[in-house]
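Please keep the sequence and the structure in view while reading.

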Amino acid sequence: MKFATRVGLALAALALAACDRPENARIQVLIGAALDGVSGPSVVIVEDGKFRAAGPQTHVPIPPDSVKVDTSGYRLRGPSIVPGAEATFELVDGNGRVARRMQAGQWQ
């Protein structure tokens, strides 16, 4: 293999390694989870590890450059969702079991 090809492959591998996984992207939008105080499906926007917005799907605009996460069938459980607060919560299924956790905007 030529030196230039090896260097190109090495640079590409480094670039891929530096990328966040899509689920830990800068802006994530959780779509469909049940939220206290919201009737029907909700939208929760997490940006840079903090809550940005939350509310009914019909009222919260979804940023086009975000990663969408389908949370239909789950309830979001945790501290109050306040814009600017650290995004830490659990997604709980219909039987009360924790399916996933987010801590400071990162999926655990």
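Where in the chain does serine 80 lie? Serine 80 is found in the loop that runs between strand S5 (75-77) and strand S6 (89-92). The model under discussion is predicted.

**Overall architecture**

- The chain has 108 residues, of which 31% count as buried.
- Among contacts in the chain with a separation of 6 or more, 45% come from residues 24 or more positions apart.

**Nonpolar cores**

- The largest nonpolar core holds 14 residues, and the members that touch the most others are Leu30, Val44, Val46, Leu76, Phe89 and Trp107.
- Strand S2 (42-47) and S6 are the elements that give two or more residues to this core.
- A second, separate core has six residues, including Ile27, Val29, Ile31 and Val43.
- Once neighbours within four places in sequence are set aside, leucine 76 is in contact with Leu30, Ala33, Ala34, Leu35, Val44, Ile81, Phe89, Glu90 and Leu91.

**Glutamine 28**

- Glutamine 28 belongs to strand S1 (residues 27-31).
- Is glutamine 28 buried or exposed? Glutamine 28 counts as buried because its relative accessibility is 1%, and the cut-off for buried is under 20%.
- The side chain of glutamine 28 makes a polar contact of 2.8 Å with the side chain of tryptophan 107.
- A polar atom of the glutamine 28 side chain also lies 3.3 Å from the backbone oxygen of glycine 105.
- Tryptophan 107, the partner in the side-chain contact, is also listed among the members of the largest nonpolar core that touch the most others.

**Serine 80**

- Serine 80 has a relative accessible area of 59% and is therefore exposed, since exposed means over 50%.
- Which distance separates the C-alpha atoms of serine 80 and phenylalanine 51? These C-alpha atoms are separated by 9.9 Å, and the two residues are 29 residues apart along the chain.

Definitions and conventions:
Residues numbered from 1 in each chain as written. Predicted model: local features only at pLDDT ≥ 70, side-chain atom pairs only at ≥ 80, totals over all residues. Heavy atoms only, no water. Helix = DSSP H or I, 4+ residues; strand = E, 2+ residues; numbered from the N terminus. Buried < 20%, exposed > 50% of the residue type's maximum accessible area, 1.4 Å probe, protein only. Polar contact = N/O pair within 3.5 Å; in protein donor to acceptor, adjacent residues only side chain to side chain. Contact = heavy atoms within 4.5 Å. Core = buried A, V, L, I, M, F, W, Y, C linked by side-chain atoms within 4.5 Å.
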